[in-house]
Amino acid sequence: MNRIRESARSPEKLLDANLNQTGHLPEDTRSCKNVAVLGATGSIGTATIDVVNQLNRVDPEFRWHVCAASGHKNISLLAELASGLDLPPDRVVLSDRKSAHAFGEDEARIRSLGSRVDFGPEALISAASDASVDIVVAAIVGRAGLESTMAAVEAGKRVALANKETLVVAGPVVSRACQQSGAELLPIDSEHSAIFQCIQSSPCPPKKLILTASGGPFRNWTQAQMDVATPKSALAHPTWKMGPKITIDSATMINKALEVIEARWLFGLPAEAIEVVVHPQSIIHSMVEFEDSSVIAQLSPPDMRLPIQYALTYPRRLPCPSPDFDRTKPWDLTLEPADPERFPGLQLGFEVAAAGGTAGAVLNAANEEAVGLFLAGKIRFTDIVVGCQDVLRSHSHESDPALDRLLELDRWARKELRNRFKL
Ligand code: NAD
Ligand code: MG
């Protein structure tokens, strides 16, 4: 991350680091890259495996090896994914040893490939920090991904970061750890990948980061309609197919709030230098404005395989399984201001990005808890943002917390959110 943050301030460092003086890419003398995919059974995880399989078809001389793959409990899908790889993973990691007895055939199938099957948080941390690993794809959802992402950072890996919640909860801690270990944090989130690509267009630092937001499924809904929105309607995202938590976050716009905080830590710019505009087509993934008011944007059809691949192959650009633009048909690109009255969830992102300290951990925990309760049918859709606002306002802010304190506040905020709804 620090490399990215420094680059945002002085992008010549980024270019210097990756191009030699004649502007050519550095020689890559390795013939294999080992990639640990944490959260391999999810939307980002399965897309990553698709990217890796495709990369191995692009250049058969250079191997991309998914050396470790983790999933929470879905061993059947892990067995299927492991079997579909050219080279089986060295190890497969699941969260819970207790459910191991139920795994039977699937576990035997994984072991028959020559892969180890490990269980529990320690195994996940070991998979993230193993000396053989070159790149860790951090694609576990929520605060559950924090320890393994931190382990990868502390081990000085290239971390392809999808798990934005780690930065929301512990931005300054991750930042310091990157500085110490020399880890390289590359964003997978499409907006942050876009910004990362845009800042490479100039040796001058950007003045503003402009994140785009699709507006989610309720962009044009009234407050009354949103009050009675069901999980099914909130899960029907118009442009992206993603896991359930981030899909609900997109409907409340808290996803964009988390992304404002993520951008603040990744690129080292203050909250006032970050803006959000609504772009329903999800083709402009984000933009950067420079001092002379020139705005540079990154465009591509909405498909996460492109930012995933860029984080893996950076600074190289290789053929990607994501689709090309169909430019034989007319296409519209619309940009609208993000109305703070309509999107109170988004406002929380700016408040928390400005406050820093403990605010991110509290917002993230309250939101994760509220999303779980909404999906379980226990609170209304509009209770999610109101609950987050209340919990944030009832916490006493601390400006420089250690990781243990952040985790303590994570537990407190979850309880506080439940208390608010008497659950
Ligand atoms: P998902 O729900 O599809 O997958 C989540 C993965 O995490 C699964 O592999 C699951 O097994 C694992 N997991 C869940 N709980 C766990 C736990 N307690 N311990 C260990 N593993 C656990 O989610 P997703 O949509 O792939 O999102 C993953 C991350 O990427 C999130 O942080 C999300 O915000 C971010 N992201 C996703 C997208 C997208 O298009 N899906 C885009 C940008 C960023
Ligand atoms: Mg995003």
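Predicted model: local features only at pLDDT ≥ 70, side-chain atom pairs only at ≥ 80, totals over all residues.

Which domains does the domain assignment give for the protein chain?

Reply: Residues are numbered from 1 along each chain as its sequence is written, chains are lettered from A and ligands numbered from 1 in the order in which they are written, and side-chain values use heavy atoms, with hydrogens and water left out.

The assignment gives domain 1 (14–188) and domain 2 (193–420). Such bounds come from an automatic or database domain assignment. The C-alpha centres of the two domains are 23 Å apart. Domain 1 puts 44 residues into the contact, and domain 2 puts in 40. Contact here means heavy atoms within 4.5 Å.

Now the area. About 3,700 Å² is buried between domain 1 and domain 2. Carbon and sulfur atoms give 71% of that. Buried area is the accessible area (1.4 Å probe) that two parts lose on being put together, summed over both. Three residues lead on the domain 1 side: Lys 164, Val 168 and Pro 187 supply 18% of the area that domain 1 buries against domain 2, more than any other three residues.

Next, the polar side. The rule finds five salt bridges across the interface of domain 1 and domain 2. A salt bridge is a side-chain nitrogen of Lys or Arg within 4 Å of a carboxyl oxygen of Asp or Glu. The interface also has nine residue pairs in polar contact, both residues at pLDDT 80 or more. A polar contact is a pair of N or O atoms within 3.5 Å; within protein, one must be able to donate a hydrogen and the other to accept it, and residues adjacent in sequence count only if both atoms are side-chain atoms.

Which elements carry the domain 1 side? Those giving two or more residues include helix H3 (43–58), helix H8 (164–181) and strand S7 (184–187). Helices (H or I, at least four residues) and strands (E, at least two) are DSSP runs, numbered from the N terminus. By class, the residues on this side divide into 28 nonpolar, six polar and 10 charged. Ala, Val, Leu, Ile, Met, Phe, Trp, Tyr, Cys and Pro count as nonpolar; Asp, Glu, Lys and Arg count as charged; the others, Gly among them, are polar.

Then the ligand. Ligand 1 has 23 residues around it, the closest being Thr 41, Ser 43, His 72, Glu 165 and Gly 243. Near means a heavy atom within 4 Å. An N or O atom in the side chain of Glu 165 is 2.7 Å from an oxygen atom of ligand 1. For a backbone N or O atom of Gly 243, the distance to a ligand 1 oxygen is 2.9 Å. A polar backbone atom of Gly 42 is 3.2 Å from an oxygen atom of ligand 1.
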